Amino acid sequence: MELIKPFTSASQAIDLLDNGGKFYNIFTSADDDIISPSEVGKLAGVVFEKQKAVLYLQLALSKLSSREQLEVEGRFDDTLSENYAKYQAETLHSVRNLNDNKISTNVIIRGTVRKIEEAGYVTGFIQIPVVDTFTLIPISETYTVYELMEDGNGTGVLLAHEKSEMELPEGVLTVAGVVKEFQLEESEGSSTQKFVEVSYFAE
């Protein structure tokens with residue numbers, strides 16, 4: 001998870017995105033007016049994570065006008081255009097809408113973030129793969145958990161990120177992540193609750 005400073009103009013976005021990728025992307029050239037997945041991945045800090053790279057790209061372009069966004073998108077190569085359409089995040093205008101999103105889809109949402117102390121957090125369980133099966137562990141063992149409150153109505157949604165990552169600052173933020181869920185109890189058939197696993201955020 002990392003802080004993203006959205007681009008302020010189409011020209012800035014194009015200059016930074018048309019970067020040639022990593023040194024091993026030998027078929028990608030900088031400043032050729034074509035933006036490829038490897039070039040986005042370089043800025044997003046990912047290599048093969050197409051969905052996460054698109055999430056980065058969408059948040060980074062979020063402050064541009066529609067015209068400027070189209071100007072940048074016009075330089076996407078075919079593969080990046082396909083990825084961008086496939087993994088496009090839904091911008092949620094209300095936290096209530098999270099339940100309408102399918103698991104593993106990208107979302108972007110803005111609100112007031114506050115950390116939930118582990119001692120006061122209701123226990124939940126997530127599935128993690130172990131060899132060829134899954135096991136349940138408490139969500140607090142893997143994630144730092146937050147609540148994002150929608151301004152004005154006291155409605156909130158849970159956010160989380162791996163404990164090894166930097167903490168989210170508290171306050172008004174735009175967060176971008178993937179919809180996931182946890183079980184409220186260990187028993188099979190337990191009720192579940194959705195949360196957003198945060199990949200990027202912007203102030």
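In the predicted model, helices α1 and α4 are roughly parallel to each other. Their axes cross at roughly 25° and come within 9 Å, and an angle under 35 degrees counts as roughly parallel. The crossing of this pair is right-handed. Helix α1 spans residues 10-17, and helix α4 spans residues 66-73. On the α1 side, the residues that meet α4 are Ala10, Ala13, Ile14 and Leu17; on the α4 side, they are Glu68, Glu71 and Val72. Five residues of this contact are nonpolar and two are charged, with no polar residue.

Helix α3, residues 50-60, packs against α5, residues 78-86, with axes that come within 9 Å and cross at roughly 85°. The two helices are therefore roughly perpendicular to each other, since angles of 65 to 115 degrees fall in that class. From α3, the contact draws on Lys50, Val54, Leu57 and Gln58; α5 contributes Leu80, Asn83 and Tyr84. By class, four of the residues in the contact of α3 with α5 are nonpolar, two are polar and one is charged.

Helix α3 also packs against α2, and here the axes cross at roughly 75° and come within 9 Å. That angle makes α2 roughly perpendicular to α3. Val40, Leu43 and Ala44 of α2 are in contact with Ala53, Tyr56 and Leu57 of α3. The contact of α2 with α3 consists of six nonpolar residues, with no polar and no charged ones. Leu57 of α3 is listed both in the contact with α2 and in the contact with α5.

Of the 11 residues of α3, eight are buried, so the helix is largely enclosed by the rest of the structure. The buried residues are Ala53, Val54, Leu55, Tyr56, Leu57, Gln58, Leu59 and Ala60. Among them, Ala53, Tyr56 and Leu57 take part in the contact with α2. Val54, Leu57 and Gln58, likewise among the buried residues, take part in the contact with α5.

Serine 36 lies in the loop between α1 and α2. Its relative accessibility is 8%, and serine 36 therefore counts as buried, the cut-off being under 20%. Beyond residues up to four places away in sequence, serine 36 touches Thr28, Asp77 and Leu80. Of these, Leu80 also belongs to the α5 side of the contact with α3. The side chain of serine 36 makes a polar contact with the side chain of serine 38, at 3.0 Å. Serine 36 and leucine 17 are 19 residues apart along the chain, and their C-alpha atoms are separated by 8.4 Å. Leucine 17 is itself one of the α1 residues that meet α4.

Serine 199 is found in strand β9, which covers residues 192-202. With a relative accessible area of 8%, serine 199 is buried. Leaving aside residues up to four places away in sequence, serine 199 touches Met1, Glu2, Lys52, Leu55, Ala176 and Gly177.

Most residues other than glycine have a negative phi. Aspartate 31 has a phi near 55°, a positive value in a residue other than glycine. This aspartate lies in the loop between α1 (10-17) and α2 (37-44), the loop that also holds serine 36. Aspartate 31 has a relative accessible area of 63% and is exposed, whereas serine 36 is buried. Serine 104 likewise has a positive phi, near 75°. Serine 104 lies in the loop between strands β2 (90-92) and β3 (106-115), and at 45% relative accessibility counts as partly exposed.

Aspartate 132 is found in the loop between β4 (125-130) and β5 (133-138). The relative accessible area of aspartate 132 is 74%, and the residue is therefore exposed, the cut-off being over 50%. Aspartate 132 and glutamate 170 are 38 residues apart along the chain, with a C-alpha separation of 38 Å.

Technical notes. Residues are numbered from 1 along each chain as its sequence is written. This is a predicted model: local features need pLDDT of at least 70, side-chain atom pairs count only at pLDDT 80 or more; totals for chains, interfaces and linings use all residues. Side-chain values use heavy atoms; hydrogens and water are left out. Helices (H or I, at least four residues) and strands (E, at least two) are DSSP runs, numbered from the N terminus. Buried means under 20% relative accessible area, exposed over 50%, partly exposed in between (1.4 Å probe, protein chains only). Axes are lines fitted to C-alpha atoms, for helices over the stretch in contact, and angles run from 0 to 180 degrees between N-to-C directions. Angles under 35 degrees count as roughly parallel, over 145 as roughly antiparallel, 65 to 115 as roughly perpendicular and the rest as oblique. Contact means heavy atoms within 4.5 Å. Ala, Val, Leu, Ile, Met, Phe, Trp, Tyr, Cys and Pro count as nonpolar, Asp, Glu, Lys and Arg as charged, and the others, Gly among them, as polar. A crossing is left-handed if the near helix is turned anticlockwise from the far one by less than a right angle, and right-handed if clockwise. A polar contact is a pair of N or O atoms within 3.5 Å; within protein, one must be able to donate a hydrogen and the other to accept it, and residues adjacent in sequence count only if both atoms are side-chain atoms.
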